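Visitor: I am new to this and would like to learn how to read a structure feature by feature. Could you take me through one slowly?

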Amino acid sequence: MMNLSVTPRVTKILGTAAQFTPVERLTLAKLLLDSLLTDEEDEQDWMKMSLAAFEKDWDNEEDAIYDNWRELYGLSTG
């Protein structure tokens with residue numbers, strides 16, 4: 001694990017962030033992460049990893065019944 005020293009400036013920002021709602025803190029975390037992932041190749045790697053995780057979670061026998069959801073609910077493909 002990386003040993004980080006927290007500067008007074010970061011301590012001040014963390015104090016302010018502690019007053020944020022959970023959604024605001026998550027938004028801030030995403031924005032900070034996005035600011036580090038400026039390389040398009042890095043962003044594509046993240047997208048591939050998240051897509052693989054999503055597919056693994058949804059591509060299973062238990063959820064296979066929903067693969068033909070239009071047919072299941074009597075809807076046309078159009």
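Visitor: What radius of gyration does the chain have, and what would a compact globule of 78 residues have?

Guide: The radius of gyration is taken over C-alpha atoms, and the globule rule is 2.2 Å times the number of residues to the power 0.38. For 78 residues a compact globule would come out near 12 Å, but this chain has 21 Å, and its C-alpha trace spans about 60 × 30 × 25 Å along the principal axes. Please keep in mind that this is a predicted model, in which local features need pLDDT of at least 70 and side-chain atom pairs count only at pLDDT 80 or more, while totals for chains, interfaces and linings use all residues. Residues are numbered from 1 along each chain as its sequence is written, and side-chain values use heavy atoms, with hydrogens and water left out.

Visitor: How many helices and strands are there in the chain?

Guide: Helices (H or I, at least four residues) and strands (E, at least two) are DSSP runs, numbered from the N terminus. By that reading the chain has four helices and zero strands, in the order α-α-α-α from the N terminus on.

Visitor: What share of the residues of the chain counts as buried?

Guide: A residue is buried under 20% relative accessible area, exposed over 50%, and partly exposed in between, with a 1.4 Å probe and protein chains only. Here 3% of the 78 residues count as buried. Accessible areas come from the Shrake-Rupley method with a 1.4 Å probe, and for residues only the protein chains shown count as cover; the accessible surface of the chain comes to about 7800 Å², with 60% of it belonging to carbon and sulfur atoms.

Visitor: Which residue forms a salt bridge with K30?

Guide: A salt bridge is a side-chain nitrogen of Lys or Arg within 4 Å of a carboxyl oxygen of Asp or Glu. The structure holds one salt bridge: K30 pairs with D34, and their closest N and O atoms are 2.5 Å apart. Because they are four residues apart in helix α2 (residues 22–36), K30 and D34 are separated by about one helical turn. K30 is exposed, at 52% relative accessible area, whereas D34 is partly exposed, at 35%.

Visitor: How many positive and negative side chains does the chain have?

Guide: Lys and Arg count as positive and Asp and Glu as negative, while His and the chain ends are not counted; the place of a charge is NZ of Lys, CZ of Arg, CG of Asp or CD of Glu. The chain has 7 positive and 16 negative side chains, and the centres of the two sets lie 13 Å apart.

Visitor: Which residues form the negative surface patch?

Guide: Patches are made of residues with over 30% relative accessible area and no salt bridge, like charges being joined within 9 Å and nonpolar side chains (Val, Leu, Ile, Met, Phe, Trp, Tyr) within 5 Å. The negative patch is formed by E40, E41, D42, E43 and D45. Among them, E41 lies in helix α3 and is exposed, with a relative accessible area of 56%.

Visitor: Which residues make the nonpolar surface patch?

Guide: That patch, of about 670 Å², is made by I65, Y66, W69, L72, Y73 and L75. One of these, Y66, sits in the loop between α3 (40–58) and α4 (69–72), and Y66 is partly exposed at 47% relative accessibility.
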